[in-house]
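Please look over the model shown below before reading the notes that accompany it. The briefing starts with the chain as a whole and then turns to a few selected places.

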Amino acid sequence: MSVVALLAGLAVVLGLLLPGPFGATAAQAQPSDVRAPGLHISDGRLLEGNGNDFVMRGVNHAHTWYPGETQSLADIKALGANTVRVVLSNGHRWTKNSPADVAAVVADCKANRLICVLEVHDTTGYGEEAAAGTLDQAADYWIGLREVLAGEEDHVVINIGNEPWGNTDPSGWTAPTTDAVKKLRTAGFEHTIMVDAPNWGQDWQGVMRANARAVYDADPTGNLIFSIHMYSVFDTAQEITDYLNAFVDAGLPLLIGEFGGPADQWGDPDEDTMMAAAQQLGLGYLAWSWSGNTDPVLDLAIGFDPSRLSSWGERIFHGANGIAETSREATVYGGDPGDTQPPTAPGAPTASAVTADSATLGWPAATDDVGVTGYDVVSVGGGSETKVAASSSTTATVTGLTAGTAYTFAVYARDAAGNRSPRSATVTVTTDEGGTPGAGCAVGYRVVNEWPGGFQGEIAVRNTGVAAISGWTLVFRFADGQRVANMWGGTPTQDGGTVSVTPASYTSDIAAGGSVTVGFTATKGGANSSPTAFTLDGSPCATA
């Protein structure tokens, strides 16, 4: 989802979704003993080759713009995702991803046990965005990758083109979408094909909803899934559930191929309903996006760092109906949908190498009828738990602790099917005295852009402690007479050079180890030095 696409897609009257002409009720697909050629659609459901029902739980990753971020897929997998949607370019608008590069991406997905959704982003907003390419051009690109993708039907879904029509005459979406599908089938592709909606993916005029049956029936293999992108158009529960249920009731396959949660000037997407409804209906979802967005409010990880999840990232990976809770690994990689037995509880943890701000924990291994794949370490207190570390072995080091403070830790085991063990016994650890100021928070400040008389800035506030922060006040001082003119992610109050920031609703909670980002524009004179000291709720923060 490019920023241009988001702006254009939301510059319309929001929330106007047309009723669809659907009727028949979808039957739940049952596993079959007959193996199909890889991922495929049956009775409105996405199945694996062995008939296992597969529900995508993952995120989008902007590979074509950040080809050097090769660690990202491993980091995304480590947080529990079973799928990644990878942004590619056919060379029409951005640098073309070569067959060798695409082959490497597929191999990386497989090495990290992820289902790989590949998409061409150059089609974004066609008909309204002058630089956009056509679906026919995207289809030609896929045909040029035929040798790379042949035989990968178990692991790869082909998303022909991202958001391939803007808001100008979106009824024009139907014919080129159908033609592109037919062109790929004629070329011999047996993969599951994914098609995005018009209206910059959000289908607010209901064109995909009204024509989905005709497009689906035009695919001679029936191996087609529709993708709706949900941003600020979908800001009420009724809009979301009406749209998703229309496809389910019609027996037509659908997933939420992109969605956002943070509020912006166009509205506040209802991500809680999106995720809850997807879980209830057994539909996939792929959050936008891992990192590197022009508007960082949509970054799940700050600076591609999996240890620095934003509040949006914490919501996606660790929140209710989130990836950690609902993702199940594809059986082609060894995941077992029939495995409902959780591991035994790990043995009681013990602590070693305790310092002022860290402690290393070790514990006896848990057992499982299939196999333990990892452990989660939690901090226990006040009747709640906070995840503070994860490990594939029986040791983990917890960092970001406060000096001279007692902490209680426990451990859970998990298996490949996502089953979680009972909690282990607890261990209480008291950190050494002598911690440094700022042990509970760190602030990164940067100037994003600058012009005569003004500039755009960004402040990333990271919680380096082990307990969540709910509500906060950040204070800093400008030295050169700068004044904040507009802010998103927070509300500023300025007295002279001193600025106090309180959070917006979507940045109010900062999970342990997580971060939130506040952006702003400001006026300035000739000098524009950065603030050198920050306090969070009166305590000094480290600077990053």
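The points that follow are grouped by topic, from overall form to individual residues.

The structure is a predicted model, and its protein chain of 544 residues has a radius of gyration of 24 Å, which agrees with the value near 24 Å that a compact globule of that length would have. The secondary structure of this chain comes to 11 helices and 28 strands.

**Overall form and surface**

- Along its principal axes, the C-alpha trace of the protein chain extends over about 70 × 65 × 45 Å.
- Of the 544 residues in the protein chain, 55% count as buried, while the accessible surface comes to about 20300 Å², with 51% of that area belonging to carbon and sulfur atoms.
- Among the contacts in the protein chain that have a separation of 6 or more, 72% are made by residues 24 or more positions apart.

- Helix α10, which covers residues 311-318, is largely enclosed by the rest of the structure, because 7 of its 8 residues are buried.
- The buried residues of α10 are Ser311, Trp312, Gly313, Glu314, Arg315, Ile316 and Phe317, a list that includes the charged-type residues Glu314 and Arg315.
- Thr174 belongs to helix α6, which runs over residues 174-186, and with a relative accessible area of 16% Thr174 is buried, since the cut-off for that class is under 20%.
- When neighbours within four places in sequence are left aside, Thr174 is in contact with Val207, Asn211 and Val215.

**Strand β26 around Gly519**

- Gly519 is located in strand β26, residues 515-523, and is buried, with a relative accessible area of 5%.
- Although Gly519 and Ile459 are 60 residues apart along the chain, their C-alpha atoms are separated by 6.3 Å.
- Not counting residues up to four places away in sequence, Gly519 touches Gly457, Glu458, Asn486, Met487 and Trp488.

**The loop between β19 and β20**

- Thr464 sits in the loop that joins β19 (454-463) and β20 (469-470), and this residue is buried, its relative accessible area being 17%.
- The side chain of Thr464 reaches the backbone nitrogen of Cys441 at a distance of 3.0 Å.

Notes. Residues are numbered from 1 along each chain as its sequence is written. This is a predicted model: local features need pLDDT of at least 70, side-chain atom pairs count only at pLDDT 80 or more; totals for chains, interfaces and linings use all residues. Side-chain values use heavy atoms; hydrogens and water are left out. Helices (H or I, at least four residues) and strands (E, at least two) are DSSP runs, numbered from the N terminus. The radius of gyration is taken over C-alpha atoms; the globule rule is 2.2 Å times the number of residues to the power 0.38. Buried means under 20% relative accessible area, exposed over 50%, partly exposed in between (1.4 Å probe, protein chains only). Contact means heavy atoms within 4.5 Å. Accessible areas come from the Shrake-Rupley method with a 1.4 Å probe; for residues, only the protein chains shown count as cover. A polar contact is a pair of N or O atoms within 3.5 Å; within protein, one must be able to donate a hydrogen and the other to accept it, and residues adjacent in sequence count only if both atoms are side-chain atoms.
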